[in-house]
Amino acid sequence: MEETRKSLLDDSFTSAMTLTNSGVPQVPDRYVLPPSQRPALGSSLGTSETTLPVIDLSLLHQPLLRSRVIHEISMACKEFGFFQVINHGIPSSVVKDALDAATQFFDLPVEEKMLLVSANVHEPVRYGTSLNHSTDRVHYWRDFIKHYSHPLSKWINMWPSNPPCYKDKVGKYAEATYVLHKQLIEAISESLGLEKNYLQEEIEEGSQVMAVNCYPACPEPEIALGMPPHSDFSSLTILLQSSQGLQIMDCNKNWVCVPYIEGALIVQLGDQVEVMSNGIYKSVIHRVTVNKDVKRLSFASLHSLPLHKKISPAPKLVNANNTPAYGEFSFNDFLDYISSNDFIQQRFIDTIKKSSS
């Protein structure tokens, strides 16, 4: 690991925060996207005004209304692979504290953050910039710290020691999102006609990766991105954003801006749910735009089955008319794939789809 870190330092590792703080008037060439991949900010070209679903999760706990909410979740998963949730049970103080801790972390001196830098995707805690600084052909205007978060007691001692509040504040948020994700997976399983505890055992033993992202103000947001179009490997991702910036792709391949809703959290289906549902639900393709004036923070809590646990289409959703559309895969298979492949060029899930012929 020390060798990886040394090579990164030798390769003049420069974070997006460092570039913003230095007042660069233009983005360096490595951040400039090919014209066809640029986000067309400020125009309606290629973007959609579609109304995205917002679901009141408190109604799940009301027996007379639960079936209605399950139906809303089903419709959102089929159409978008995405929805926002309100009244989700995570106190606003926990959310605010997590964002405060993240702000303090990214404001630390470069040397302090570099203690955690790594290009190894298997590292349980790693700081970095772009997607993978050492291999990216085009760079993205994003700094991040990623860490495993479940079970918390196993990983928290490896988390950043600075700022001093980080472990406590981000730990509380991580625990709260873990509880929320269990409720959501139950509801999603139920919406597919499966037992709500269909994945209960796998969830208890599963992994939670917290990706804490910082998208600093960018001098040329119209020619760069914070993250490229991709879907998440996870079963689902719970996203907290401090301001607008996320875009999702709808079924017509238009980009839809996800509005910022005070107090809401975003739920994105990942590849594992697409496979489990045998394609009834689709993982959502999304990207992140950047802003000339505003620094945006986000917490992406990626929940998935245990590292080596294979997921495949649920037997109840497979029959003579609906044969398995996917092979099985594990979180570890995904990590191996992105270690040696450019997942921007080909999505991992496309490599496990079965031919329909």
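Pro 151 is placed in the loop between β5 (143-148) and α6 (152-155), where helices (H or I, at least four residues) and strands (E, at least two) are DSSP runs numbered from the N terminus. The model is predicted, so local features need pLDDT of at least 70 and side-chain atom pairs count only at pLDDT 80 or more, whereas totals for chains, interfaces and linings use all residues. Residues are numbered from 1 along each chain as its sequence is written, and side-chain values use heavy atoms, with hydrogens and water left out.

The peptide bond from His 150 to Pro 151 is cis, with omega near -10 degrees. A cis peptide bond also leads from Asn 162 to Pro 163, with omega near -5 degrees; Pro 163 is found in the loop between α6 and α7. Backbone features of another kind occur at two asparagines. Asn 87, in the loop between β3 (82-86) and α4 (92-106), has a positive phi of about 50 degrees although it is not a glycine. Asn 278, in the loop between α9 and β12 (286-288), likewise has a positive phi, near 55 degrees. Most residues other than glycine have a negative phi, and most peptide bonds are trans. With buried meaning under 20% relative accessible area, exposed over 50% and partly exposed in between (1.4 Å probe, protein chains only), Asn 87 counts as partly exposed at 48%, while Asn 278 counts as buried at 12%.

The axes of α3 and α7 come within 9 Å and cross at roughly 85 degrees. Such axes are lines fitted to C-alpha atoms, for helices over the stretch in contact, and the angles run from 0 to 180 degrees between N-to-C directions. The two helices α3 and α7 are therefore roughly perpendicular to each other (angles under 35 degrees count as roughly parallel, over 145 as roughly antiparallel, 65 to 115 as roughly perpendicular and the rest as oblique). Contact, defined as heavy atoms within 4.5 Å, joins Arg 66, Ile 70, Ile 73, Ser 74 and Cys 77 in α3 to Ala 187, Ile 188, Glu 190 and Ser 191 in α7. The residues of this contact divide into five nonpolar, two polar and two charged; Ala, Val, Leu, Ile, Met, Phe, Trp, Tyr, Cys and Pro count as nonpolar, Asp, Glu, Lys and Arg as charged, and the others, Gly among them, as polar.

Ser 191 belongs to helix α7 (residues 166-191) and is buried, with a relative accessible area of 15%. Leaving aside neighbours within four places in sequence, Ser 191 is in contact with Ile 70, Ile 73, Ser 74 and Tyr 281. The side chain of Ser 191 also reaches the backbone oxygen of Ile 188 at 2.7 Å.

The structure holds 10 salt bridges, each a side-chain nitrogen of Lys or Arg within 4 Å of a carboxyl oxygen of Asp or Glu. In one of them, Glu 72 pairs with Arg 68, the closest N and O atoms being 3.8 Å apart. Both residues lie in helix α3 (residues 66-79), four residues apart, about one turn of the helix. Glu 72 is partly exposed at 31% relative accessibility, as is Arg 68 at 45%. Asp 271 and Arg 347 meet in another salt bridge (3.8 Å, N to O). This pair links distant parts of the chain, 76 residues apart: Asp 271 lies in helix α9 (residues 271-276) and Arg 347 in the segment after α10 (331-340). Asp 271 is buried, with a relative accessible area of 2%.

Definitions and conventions
Polar contact = N/O pair within 3.5 Å; in protein donor to acceptor, adjacent residues only side chain to side chain.
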